Every structure is written in C-alpha cells, then in structure tokens.
Protein chains: 2
Amino acid sequence: MNASTSPATRPTIAPVAPLTDEHLRFSPLGLDEVRITSGFWSDWQRTNREVTAPHSVRWIEEDGAVDAFRRVAKGTPLSAAERPGMWFSDSDVYKTLEGLAWDLGVEPSEEFTRVIGDLAREIAAAQGDDGYLNTFVQEGNGERYAKLGWSHEMYCIGHLIQAAVAHKRTTGRDDVLDIAVAAANRLVGDFGDRKRTETDGHPEIEMALVELYRVTGTREYLTLAQQFLDLRGHGELDTNGNFDSVYYQDATPFREETTTVGHAVRAVYLIAGAVDLYLETGEDALLEAAERQWESMTATKTYVNGAIGSRVEGEAFGDSFELPPDLVYGETCATIGAMMLSWRLLLATGRSRYADSIERGLFNLVAASTSAERNAFFYANPAQRRTPRPAAPVGERPPRAEAPGTRPSWFVCACCPPNILRTVASLGAYVATSNSTGVQVHQYVPTRITAPVSSGTVALEMSTGYPVDGTVRITVRASTEDAWTLSLRSPDWADTVRVAVNGEAVNAAPSPSGYLEVERRWTEGDEVTMTLPMGPRYTVTHPQTDAVRGQVAIERGPLVYCFESPDQADGVDLNRVDLLVDEPIAEDEPADLLGSTAVVLRVPAVLRDEQAWATTGWAPLDAGPGTQDGGTQDGGAHGGAGSRVELVAIPYFLWANRGPSVMRIFTPYRRG
Amino acid sequence: MNASTSPATRPTIAPVAPLTDEHLRFSPLGLDEVRITSGFWSDWQRTNREVTAPHSVRWIEEDGAVDAFRRVAKGTPLSAAERPGMWFSDSDVYKTLEGLAWDLGVEPSEEFTRVIGDLAREIAAAQGDDGYLNTFVQEGNGERYAKLGWSHEMYCIGHLIQAAVAHKRTTGRDDVLDIAVAAANRLVGDFGDRKRTETDGHPEIEMALVELYRVTGTREYLTLAQQFLDLRGHGELDTNGNFDSVYYQDATPFREETTTVGHAVRAVYLIAGAVDLYLETGEDALLEAAERQWESMTATKTYVNGAIGSRVEGEAFGDSFELPPDLVYGETCATIGAMMLSWRLLLATGRSRYADSIERGLFNLVAASTSAERNAFFYANPAQRRTPRPAAPVGERPPRAEAPGTRPSWFVCACCPPNILRTVASLGAYVATSNSTGVQVHQYVPTRITAPVSSGTVALEMSTGYPVDGTVRITVRASTEDAWTLSLRSPDWADTVRVAVNGEAVNAAPSPSGYLEVERRWTEGDEVTMTLPMGPRYTVTHPQTDAVRGQVAIERGPLVYCFESPDQADGVDLNRVDLLVDEPIAEDEPADLLGSTAVVLRVPAVLRDEQAWATTGWAPLDAGPGTQDGGTQDGGAHGGAGSRVELVAIPYFLWANRGPSVMRIFTPYRRG
C-alpha cells in the first residue's frame, strides 16, 4: 500500500474524482481544466487566498490546534481540561491544509508550499509508529476508540485524508499522503473485516476513504468505507449520553432513511459518503436513498437562503417545514456539506437540480457566512434580526452557537472558517463537467475550460457579469471534428431562458434533466449566448412553512435579497413593514457595494401603524387592534393603517458588514 | 438572630406575606383563609398531594439529591464527575420540601410531617458549623463562592429559605427555619455590608431573603437582598465563560432595564425579588422597572399559552415577537416564575392584568407541563408538533432541553417537577386578597374565604364550574356592619361580564384597575352571580409575531385549545388544515376527558391539497403551485383546493396524554 502506486488513469485535479466513469453521468473536470478568470468567484478566490488563508494559518497557531501536534511529538501532553481548543481541533489543521492545497491547484505559491510542508512535518512527527494519529487521545485523554461515538477520531482522520488527497492531486507530492495512508492503514488494521464493529459518531471518514481509494487504488479503503456506512443505523453507536441515535443518523439504516435527520453536518456528510460509494460500486440502493433524503431536505428542510439545520439544539434538522427565520441555526458547515452532497449527486445523475442547490447555497448562505473582507465568519447564520446584537469581540473566539451582531474572527469550535477556505479554493471544480456526448456548464462564471469529449478535447471561454448580469457568452476556442452537445443549466428560478448560437436563436427548452442542450459540430469562434431573466422576483414558501406565511422573499437571479437597517430611511422600522407587491420594484444601476458589484433594489412598502397593539400581544380575530383599523395580522391582505415608504434591499450575502443591524429576508406583504 | 423571635403581626400562611401593608394595594390571604373545596384546582391539589408529592420524594432519593447531604454529613464525598445529578441538586430537595410544607397548610399529613422532619435532619447534619451549606462545594468541588456566577450556591440557599418560610408559616415549626437562618447568617457574615461584592449568577436569593426578613424581622436579610440586586447589572459577574452578561441580567442595572432579557427563569426571579423589596421598602424605582419589564414581557415575549423564553440556547428570552411555536423552549419554571412575579405585582399595584397573566400561565402552560396523572412532566413545553416524537423512556431521566413525545418522569436537571409541586400546593394563596375597602377575588375557584376588612372579618363561599362553565356564584356567609366592596376580576379575554346581586343586575363596568366593584352593606346570604362569556373565540397575535401570521388560536374562557392527532378523523393531517373561521364552532357537552371535565370543540376546516408542492419548498408569488390553484401560502386568504373536514379541539393542557402525537395551537385560516 504505497501511495506512489496511484492507478488513476486520468488524475483529475478536483475533489471527487471517481476511478471509474461507469456510474457517472457527468465526469468532473480538474482545476487545471477550469480556470476562473474574473468576476465574483475570482474575486472571492483572491481574497480567500490573500486574506482567509493566512488568517486561518495564523489562527490554528494562535488557538493551539497546531501546538497539539507539537506536544505529542515532544511528549509534553496537556490534559483535556488544559487543552485550549476542542478535542477534535486536529481537523481544523487538516481542513486549513486542504484549503491551501486546493489553492495550489489554482495558482502556485511558495508560501503555501512552505506552510504545507511545515504542517506536514509537524503532523508526521506526532503520528504514532503504528500510524495512529489523534492528538487528544495521544495526549492521554482516554483510550483509543473507547468513545468513538463522541471522540471524532475517524472524523479527524477523514479530514487528514481529504487534505492529503487534495495535496496529492494538485502537487503530486506524497508527504501528506504518506501520513494519511499510514493513518488509514491503522484503521484498516483495527477495523477492517469487521475486526471491530464500531464507527465514528461524526461521519466524514466514508467520503475520505473512498477518495483515498481513488488516489491509491487500495480497495481496502473502499471496503472499509462501506463497512462504516453499513454499521450505522442500528442504534448501536455508543453515544456516551450525548444526544440520541437520531442525532447520529444511527436510528435508521441508511438505505431505509427517507429524510435528513439529526445533526445537519453529520447527515449531509454521511449521504455524500454514500454517493461516493455508489460512484465506485454502482449500488443503486445507495443512490436511491441519497436522492430521497436530498429531495426531502431540499423541499421541506431548506431555507430560501440555502440554510439547513434549523435547530440550535443538536445543530440539527428539524421536522419538515420547521423553518422559522428568527430562530434558525443554519450552520455554515452544513450548507457546505450539502454542496458536497449535491455535487456528488450531480455527477451521479446529471440532474440540474443539484447544481441549482449548489448555486443557492454558495451565493447566499456560504457567501454570507464570511465578511466582505473575508476575515470573519458566521458559524450559525441568521435569517432575521429584529434587534441588533452586540458586535463580535475583535480578536476573541466565541463558542459557536448564537451569531453575534457581526462576524467573529474565529471560534473555539473552528470548523467553519477552514471549511469555507477549502470550498472557495476548489470552486473551479463546480463550474463544468464533460462526458462522451459533450460539455455541461453548471455555473456561470468567467472561465477558460478545456474538457475531454469522446472525439477529443474541446476548449471554451465563458464570459459573463453573472450573478449581476444575466447574459452568459460562451465562445468555442477549440473543438473536434464530430458533433457534441453543449449543455447549459437552466436555473430553477429562471422561467424563460433564451439561447442563441452565433446570434441566431435556438430552441432551448430544457431537457428532463434540466439542461438546455445544443448539439452541433462546433468550430472555433462559435459563440453561444444565453440570456437569463434577471428581474427581481417575489418568492413565497410552501404553505406548511408557518413561520413565513403571508410573507415574501425577494430574489434576483441566484441572489436572495434582504433588507438591512443601515440602508433604510430614518424612521423606517423593518419590523413594521408590509411590501406592496403589486407595485414595481426599482433597480439601481450595478455599482460597488462593500467590494462586490451589486444591484440595489428599491421596494415600495407600507410602514404599519401599530399604536393600538402597544400593550398587548394578542387579540380577538374580529375585534382586536389589528382589525379595528382594517387588520394587518392576517398577512396584510386587508390593508390597515400606515404610511408609504421605500425600502432598500441588498444581496443577503452582504449583510452585517456595517456593524450590528436589523435584517430580514422574508417580509409581510399586501396585495392590490 | 433567633428564628423564634418572629415579629409578624398577622402571620399570613402564604408565600409573600409582607411585614407592612404600606406598599400593598391588596393584602394576601393565607391558605387557612382560602380553602379550596372542589373543582379543577381542588382535583389538581389532590393529585399533587397523592401523586406528585410522593413521586418527587422518591425521585430526589433515586437521583441522589438527598444522598449528597448524607455524604457530606458522613464525610464520604464524591467528585464533580462522580456526582449523579446537577451541581445545584440541593435545590430540588428544598423545593420538594417546600411543596410538602405548603401542602401542610392545606391539609394535615403525618406522612409529610415525617418526611419533612427526616429531610430537615439530613440537611442539618450536612450543614457546616459556620452555617455554610452547599453539598457540591462541601464535597470538595471548588472553593466557596469562587465561581458564584455559575455555582448556584446562593440560589440553593434561596430555595432552602423559601422552604423554611413555608414550613414555619404552615406549621410554626423552627427545625427547617433554623437551618435556613444559619445559612442566611453565613451569607450576611460573608457578604453583608459589601464585605464581598459578588452575587449569584442565578437570582432567587433576593426573594428568599426578603421572605426570611418577613418571618424573622431580621433587617440584615432585607439589606443583603437589596445589596445583591444593586450589585447586578454592571457586567461584573464572573460568568466563567458560560454565556454573556445579558444571560445573567448583568448587562443593565435593574432600574434601567426596559424588557426581560437572558435566561428566562433568572429574569423573572430577579424581577420578583425586586418587587419583594419594593413591598418592604417602597422604592418606587423598583416597582416602575418591574412593571416596565413585565409589560414588555407580556406584550411582546409571551406565547398565547403563557410560555416565556423562546430560545433553547441559554433557555432565554428572545427578541420581542420572536415567538415561533415550532422552536419554542418555554420552560415550566419560567412560567411559574412569571406567576410569582405577577402575584407580587398584583399585591403592589392592584391591577387585574397581573391576575390575568397568572390565569393564562396556570391553566395552560403549567397545567400542560404535567401529565393527566400528575407523575410526568415537560421541562420545555412544545406549542406545536408537526411530527410525533418518540415517547419519553419510562423511569429514566433525560437531560432537560427538547421535549420528547410524552412527558418524562424526572430530569437530570430536576428543577421543574418540584417547582410545580410547590406551586400547586400553594394555589389557594392566588385566589383572593383583601384590604381596608373590601375583598378582591382574582381567580374563580370553588372556595370558602375568610378575610379581614377594616370593619372586621367577612366570610364568602364561592361556587363555580369554571373554567368549563362561566357562572360564578359568591355567597356572603358572614359580614360586618359597614359597607365594603367586593371586587371581581374582569378577565382580559371577556368582552361582556354580567354581575347580579341577589338576582338583580348591577352596573359592572370594570374599574381602571380591571375589577368589577360592588360596594354595599353585605349581609349573610347575599348572593353575587357573575356570568362570563364562555363561547369559543379565535385569537390572533400582534402583526410582528411573524411565525403565526395568518393563523388563529382558539380559546374558550381561560383555556387555550389545541388540535391533537388522536382526536382527528382518519386522513386528517393537522399540518395541512385551514380553519373556516366564519363558520360556527360546535361545542360538545362538558364531559370527562382524561380525568378533567372539558368541553370538546368541533371546528370547520379545509384539508389543503398540496400535491403541486410535493417537490419544492418555495415558488414565485404569482406563478407557484400555491397560486395556480388559488393560493394558500398567503394565510389562506385566497382559498385554494382542498376538502372539507371537521377538526376536534381539546384544551391544550390535556395534550400528549395518549402517546406521541401531532399537535398545534395556532392554525392557518380562511375567511368567507
């Protein structure tokens, strides 16, 4: 089991690079094949590289996560009580390393190469001679595997493996991979062939072992991932009294589960691992269960901003339609995990809905989870703020949980910031895929793309002002003799999409899988123009989503908008407004807003007069203060006293960058 | 400072018995002066005595709370990790003792007397020679007062004092009181005259010290309570990294605070303590601040079922109108604390709104917090259940937090059950008061009342089928020569109340303070009949309560109703119903339901057809599945496809007694 015997026939420089294309509808392209050239994603990758990366490297030093490896290497352990961070802080180091590694696939960096080398040496020095690696346990805090339900030992190794896979794929180097392989071999030795029948309380190892199999060709890793998945769901996980088996996705076997339950990050990581298994083994029951769970999550347990996991208690999925904006948890890592899951399902099924979901999560929740300067982060992501909360203390690490008025620099439980780092560094992988029939474009980003099709390699150049502008221009820079199909995702939010080739409109009804397909013999210089309807639109939710009944969100293209107090006129209380949805929304010209190009919206509304309600929280339906003057408590359908105001809406991802504020996405409305 | 030197001139056998009537609008009556004779409260007191009391006594043994005192007495300590319960489990013992003690004021019991004597001996044996008493610290877990922000040392002593006060008032005995006095003297010695300037992170000691002052006349206790209140609110409490100063009501000085913030139980206990101080000292700023905070809490942070504290995170008050039923926390102890606060404010101000609030909390949230059999309890109280949750494991103690599908027997953090015990045992105190002008009746309960007025003592007999029936009959059994006023609370939910004296209607407009006042020379046999409008009514909430916009609750008299799945016809999904509020609700005849007499309601509704929404959670306002067929997502105002159904509503307090279920209080509705 030597890492240098990698058998990958086409070593794709991307997360998720299956060894076989037998179960792939779409094959991923590497970061070297999709070069992001400008625009929103490019800017984000630049600040990710220049700000988020050094910030993360500094914080894993400051918070003691790297020191834990040094202590183990030196034999100067700290007890659980003395350790400064979480017991699974190793994973923060690994995720940071993974982020730097993916970035090397985008742009070379001596600095990042040096940091990775240094970290790899520190990690290697801590690793046991037998491959075991977990600084918390190695510091003498508990026995190996004794509390796997809660210890995160395999979770940490999973992140080590993902980091190693990224590093191997972008650099070809084995120094991190060798550590990961040794750690994985330890797991194989200890758990393989059901030698032990426990599994980790926090899924992650499943995805990682499949990827390690892809890089090394060592089938035991795939088999072990399968074992861990199969062992779950029988209520046998030792939870050490922390939460119930539902929290751990251990109450129902994976193949029988019908929805997403329990801790949200665990849930989506587990499903993603199952799809990874499907991609290699082709077991239909895994894909079916994964799609079923994803469908339930997306239709009934996802906020319009892409947040999942409404409950702070257990950082967990709630029941279907339990989606109150004012008490949402919405962990950043959960939506990132949902993106990872959706990407795998997209590769497996070729259905555009998975790319839609990635777009919604990325442009809204994940983008909003980071400050405009990209050096501060939300762990839980508010969807409504009635009252400004105190700003995050600068330079301190709050415990996770409730979000303060502004984004903290780091967290005691620092899972989210490096998760953002690695996701943004690898964004290029989400743009396009190819297969024998042609090239599929999933996300609209200025890029240069080269992609293998059956008849050879093609090259495309995409230019667009998306997500501000709805025109996407794709120019063929190189083609093959044979015809092939260019497939363009028709976003779920777009009712009419126009496509023209070399200026001539083509029939562009979406295929059943959601793509606009144009098949022809392409020649260099051919230009495809897609025009998406970018007008602002009002969105309502499922009638069971009680918390936003009688309210609308505003979206424009892929962006969810919000109202934030710093933008409003004096005297406008965002807690007291009803939107006048039958009057037009005015759009400002695109302009810089907090470092991003954005279209500001001006929305007609009424500021409610609530004097009559001053001393009471409830009243009779037909005789209360809300109805004496015409009524507003039933969604505003009846009108009611108030004064006209114009509200300013901005993209949700830009909120909370100007100090503590009032903010809302959903707002009551009136008709007529 | 000998406990037997009690100076109380009129030793009222009730919680809250001020030493002076100078700052009392209404003076409390003792449990010996208000005898509950039959009906809902009487039945509850009986099961409280026969079921809840022995259940609690057994559990404080089983869960090790009493053992902690034994270990300290024997010198066989357990470490923090070894102790079976919470570090403040002493308070569970004290609250249980207090419950038994109040019950002795209702009915003598050799058994309760014996149990109290035994507990008193166990507690006394553990008390330090210097009066210090806290088993956790005495077992060697930390230094005295070293972590007052989190240690609950004074909180526990506060509960000891309340138990001792109850025991002294109902029995005249000093055995518990002597322990409490020694413990209080220890606090005076250590903290008095600002010798130390810390205070306990969990308020409770304030109320308790004022009550101990009332029983003993020792002014140092009153002064120390004042000191603890004054020290709070300057951000100086050492929180040991647990939560922020807002959580502890330590961010804003009490007299400047405008609303209820932070941990809900702490908040209401603190305000109650401040009103206790006002009742003795007359400091207007305290009463003003207390009324202001209560007003904000009641108008903007209280659920229709009387729940307060919407946030599970920190068991805390949310922002104003942050009241989603599907993620409510609503701790039982918080509403009990709000009742304690409201009672003190009622005595201080004579305003009926405080009695209204007690009625709402007691008949709904507190009644619902206990099972019909009174041997199982909710700690957090659901206001909506979309999906049945697993039943509570029988005979086990879950951690607090999320409520399972049925009520657990006990909790690791067992604060709520004995809080219910002591509250129900002392319910007689909440019925009526008197002052020089006459007698005030706040709650409508079959009782025999004797009360001092300026011209002597009067006796009343009240009979009623309330809360099922709205007729209340009060017969004068003894009076005085002089005229006096009988004041009857006009409930806030009652729009028209009729009052007759000896069969003749009298003008019964409520006074500014909310009471229907009838002044006359009463003679034995005079009969007052009050008739309350008991028809079911639809209730809407403030327009800022987003989570229930476009929904109604159903109330009947003081009872909030709910829909629960066991009562509905096959195929009726309570997640898909819209009430037809313009059609009449049918009322069944009163009948036994789960051991209580109740009126079942039959409510016309539509079962929505949501097929078109099967695969999506949101849609465009005017082109989505909800509007293609007429629309239901805007509060049902537009109608929409569906089939007619008749729903069954029951009193909320009876839910979750027939296994795990779906339940809702607020439901969408349609007009016309």
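Tutor: Contact means heavy atoms within 4.5 Å. This is a predicted model, in which local features need pLDDT of at least 70 and side-chain atom pairs count only at pLDDT 80 or more, while totals for chains, interfaces and linings use all residues. Residues are numbered from 1 along each chain as its sequence is written, chains are lettered from A, and side-chain values use heavy atoms, with hydrogens and water left out.

Student: How many residues does the contact take from chain B and from chain A?

Tutor: The copies meet through the same surface, because 100% of the interface residues of chain B are also interface residues in chain A. The contact takes 61 residues from chain B, and from chain A 61 residues.

Student: What rotation superposes chain B on chain A?

Tutor: Copies are superposed by least squares on the C-alpha atoms of residues with pLDDT of at least 70 in both. Here the RMSD is 0.0 Å and the shift along the axis is 0.0 Å. That is the relation of a two-fold axis, and the rotation is 180°.

Student: Which C-alpha in chain B is nearest the axis?

Tutor: The axis is the one of the rotation that superposes chain B on chain A. At 1.9 Å from the axis, the nearest C-alpha in chain B is that of B:Ala547.

Student: What area is buried between chain B and chain A?

Tutor: Buried area is the accessible area (1.4 Å probe) that two parts lose on being put together, summed over both. In chain B, B:Arg549, B:Trp618 and B:Leu621 lose the most area to chain A, together 15% of what that side buries. Carbon and sulfur atoms give 54% of the total, which is about 5500 Å².

Student: How many salt bridges are counted between chain B and chain A?

Tutor: A salt bridge is a side-chain nitrogen of Lys or Arg within 4 Å of a carboxyl oxygen of Asp or Glu. B:Arg671 forms one with A:Asp622, with the closest N and O atoms 3.1 Å apart. The count between the two chains is six.

Student: Inside chain A, which residue forms a salt bridge with A:Asp356?

Tutor: The domain assignment, automatic or from a database, gives chain A a domain 2 (242–368) and a domain 3 (432–531), among others. With closest N and O atoms 2.5 Å apart, the partner of A:Asp356 is A:Arg489.
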